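Hello,

Please look at it below before reading on.

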Amino acid sequence: MLRHATTKARRTTVVLDFLAPTAFGYRLGSSKVRPSVTKLSKRQDTERLAEFPVSVCTQSPAILCQNIKQRISLLSQSGAAAVSDPDISFFDETVVELRLALKAGDIARVGELWSQLEDRKLLRLLGPELRGFSERAAHLCFTGNSEPWDADERKVIEGIAITAASEGAVNALTTCMIAHIKRGDSQAALHLYRHFLVRSSNQTVSEPLPSPTQEDVENKNGLALNFLGDQLSHQPNFSLVLAAIAAHALEDSFEGALKIMLDNPVRINQSAQKEFTALFDDIPFRTKVQSYVRRVDIARLISRHHSLSTHITNLSRDQDLSQIQNLYRAIIDGLNGPEPYLAARDSQKSNQRPVVVQEIVWAAFLTGFLRCHRRDLAENLWNDMLKCGIQPGVITWTALLDGFDSMGEADAASTSWDNMVSQGIRPGILTYRAVISTLFNAWRPDDATEKFAIFKRELANGSLPNTADALPVYNTVLHGLLNNRRPGDADALLQNLRQNGPKPDIVSYNTFLRHHGRRGEFRAVSVLLERLREDGLTGDAFTFSSVLSALLRVGRTDAIDIILNLMKKQNVVPNVAVFSAIIDQQLREPWEEGLRTAMELLQRMETNPDAQPNDVTYTGVLASLHRQVWPNTALAEECRRYILKRMKERNIRFNRVTYHILIKACLENPAPEGLQGALGYYREMANRRVPTNYDTWYILLHGLISREEWAVADEMVDDLLRYIKPVGALESLVGRIQRRTEYIAHHSSREECPSQRLLAHEK
């Protein structure tokens with residue numbers, strides 16, 4: 001039936017039943033069946049319903065056929081073309097029977113029908129519908145703690161659970177594992193987990209089912225960090241990993257839980273962990289599982305040290321000191337606490353301490369503390385390294401210099417350089433880059449060029465490793481010379497690089513283009529573009545944006561056309577990504593011409609069928625309008641209304657992520673309008689019933705603290721506590737606001753009490 005469906009397909013009862021999402025909206029009929037232990041919250045119910053478009057319930061033949069076509073697309077899977085017409089008919093009929101059996105709670109019949117589909121290798125045709133079967137199977141999972149589970153029924157349900165989980169629908173398997181844990185049978189739960197891993201590794205990798213809670217992954221709360229690309233498609237869902245960790249907690253085997261996480265390093269966000277542990281009534285066991293999860297997640301982060309370093313850098317850029325400190329304390333506890341599970345050196349590595357804290361992690365924290373202007377914390381870290389028997393190497397010294405660069409402390413950087421050399425540490429290429437950058441940024445170009453001369457000598461005599469990575473140092477010098485008003489020296493260096501190497505890259509040229517573009521020196525820009533072409537380089541979005549700025553500053557009304565022609569000559573396709581990046585660059589400075597040009601580019605995108613703006617484009621423009629204080633407020637407001645109008649016309653609706661971006665942008669605007677805009681979006685979220693999560697509150701409170709809007713922050717905390725119990729980094733922000741409020745209230749009362757003032761004076 002599926003194979004022969006066309007736009008004129010017959011609307012049979014089977015087709016409608018097969019496609020309708022309400023097929024799973026029934027009650028169980030068996031008195032033996034217990035309620036599922038994985039009860040969904042009201043919010044999750046709403047999100048699950050949102051997975052099914054309203055159109056599936058329509059009687060429109062065109063829309064129904066479109067739904068059928070989505071089913072037909074399953075036949076394009078590997079091996080599906082070999083499915084015969086009789087098998088497809090059998091599949092359709094069996095699926096309907098399977099639903100009825102699930103509805104009736106007839107587990108024996110469910111097992112029989114499932115086996116028939118499995119024997120004919122037709123289960124793969126279920127596709128996304130497996131999620132519904134997994135949810136029904138979860139309801140059939142036996143949850144009694146005293147009676148034994150019927151062996152035949154258990155075999156059926158666990159078989160369905162493993163099959164569904166291997167395709168991404170994990171409800172049933174998670175529920176089965178939890179049921180075993182509640183009955184005290186940790187080995188049964190771990191057996192299911194291992195069986196699932198074997199099944200997943202042996203099957204052909206397919207596109208995973210969409211997750212109904214995908215948007216709930218946190219990246220700012222506690223220690224569950226959302227690194228891009230950190231979770232691979234073949235890894236188990238975090239709920240299964242949580243269940244496996246809980247099983248090991250039941251056995252008092254932290255080592256086993258740690259191995260589970262390191263073998264399958266999935267992200268576990270705070271809200272997911274909280275919902276999972278709430279399924280256990282035993283409070284001490286719940287606390288134990290939370291402790292296990294917190295520590296194994298730290299080990300996961302340490303094992304992915306490059307991602308962790310990037311995250312610490314982002315936190316320090318946002319001046320999020322509290323979260324950096326919480327993360328650092330957790331690592332120190334893992335090294336020196338009562339139950340150490342991290343190793344400071346390779347010699348300490350063992351089954352109990354399988355993860356070594358690499359020097360790059362220490363270096364990232366060191367730079368992070370200094371960028372947050374906490375020299376005391378940086379000194380404590382240095383002492384902690386020495387206590388752990390770690391001698392700071394060139395990576396740590398380079399991080400120290402980078403930190404001093406961010407603080408503008410050139411004298412401290414020079415002293416540190418001398419101390420490093422005196423201890424026999426040979427500086428690397430990035431170490432030279434750090435100290436040279438520090439000196440240039442401190443307006444000490446002579447000292448910087450002196451260090452650069454030493455660098456070139458070391459490079460020439462082969463004393464420096466990785467000489468292929470030397471270009472970043474030259475680019476730093478080019479930037480420093482231009483900033484220190486030595487354009488002649490910068491030009492000479494660029495020419496030397498072109499003739500003698502290392503060959504300049506697009507970053508080298510962009511440094512010059514930005515310098516001359518901001519000054520409207522279009523003749524110099526033209527020369528640079530010609531050199532760039534001669535060197536066989538292709539411009540990027542930053543290149544074209546810099547040239548565009550130069551053209552605008554010299555009053556060229558045809559600036560956009562010139563840029564488009566330039567892109568065409570360089571074989572650069574002006575697609576959505578390129579246009580959006582150029583628009584973003586134009587809006588980074590609050591000047592009227594840049595704003596007008598950005599809006600003109602946006603309108604050109606709207607008329608270009610090959611570069612239609614999307615939600616990211618519109619949201620980015622709107623965020624830029626909120627983030628800046630624009631000289632021409634009327635023009636900025638007109639642009640804002642235009643963006644909202646176009647988003648509405650294109651049916652681009654604000655979701656939670658959109659609101660987060662806009663609220664954060666508003667709070668970065670120092671003007672009173674910034675606060676008003678943020679609160680306006682917050683109220684709009686409430687009015688539109690867009691659910692808030694930990695990220696929402698974190699962005700609001702962090703932004704309000706940065707603005708020192710303590711009164712508003714205090715009211716926001718009152719709102720927050722009505723909905724959730726804060727944990728992790730969010731709890732730290734709430735505590736900071738509450739302590740500030742108590743401090744103000746205390747001192748206000750002292751000011752209002754003359755006797756107390758007199759007493760204080762006498763003391």
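In this predicted model, α28 and α29 are roughly antiparallel to each other, because their axes cross at roughly 165 degrees and an angle over 145 degrees counts as roughly antiparallel. Helix α28 covers residues 576-586, and its axis comes within 8 Å of that of α29. The crossing of α28 past α29 is left-handed.

Which residues of α28 and α29 meet? On the α28 side they are Val576, Phe579, Ser580, Ile582, Ile583 and Gln586, and on the α29 side Gly594, Ala598, Leu601, Leu602 and Met605. Sorted by type, the residues of this contact between α28 and α29 are eight nonpolar and three polar, with no charged ones.

Next comes the pair α29 and α30. Helix α29 spans residues 592-606 and helix α30 spans residues 615-627. Their axes come within 12 Å and cross at roughly 165 degrees, so α29 and α30 are also roughly antiparallel to each other. Here too the crossing, of α29 past α30, is left-handed.

From α29, the residues Leu595, Met599, Leu602, Met605 and Glu606 meet Thr617, Tyr618, Val621 and Leu625 of α30. The contact of α29 with α30 is made up of seven nonpolar residues, one polar and one charged.

Best wishes

How values were computed: Residues are numbered from 1 along each chain as its sequence is written. This is a predicted model: local features need pLDDT of at least 70, side-chain atom pairs count only at pLDDT 80 or more; totals for chains, interfaces and linings use all residues. Side-chain values use heavy atoms; hydrogens and water are left out. Axes are lines fitted to C-alpha atoms, for helices over the stretch in contact, and angles run from 0 to 180 degrees between N-to-C directions. Helices (H or I, at least four residues) and strands (E, at least two) are DSSP runs, numbered from the N terminus. Angles under 35 degrees count as roughly parallel, over 145 as roughly antiparallel, 65 to 115 as roughly perpendicular and the rest as oblique. A crossing is left-handed if the near helix is turned anticlockwise from the far one by less than a right angle, and right-handed if clockwise. Contact means heavy atoms within 4.5 Å. Ala, Val, Leu, Ile, Met, Phe, Trp, Tyr, Cys and Pro count as nonpolar, Asp, Glu, Lys and Arg as charged, and the others, Gly among them, as polar.
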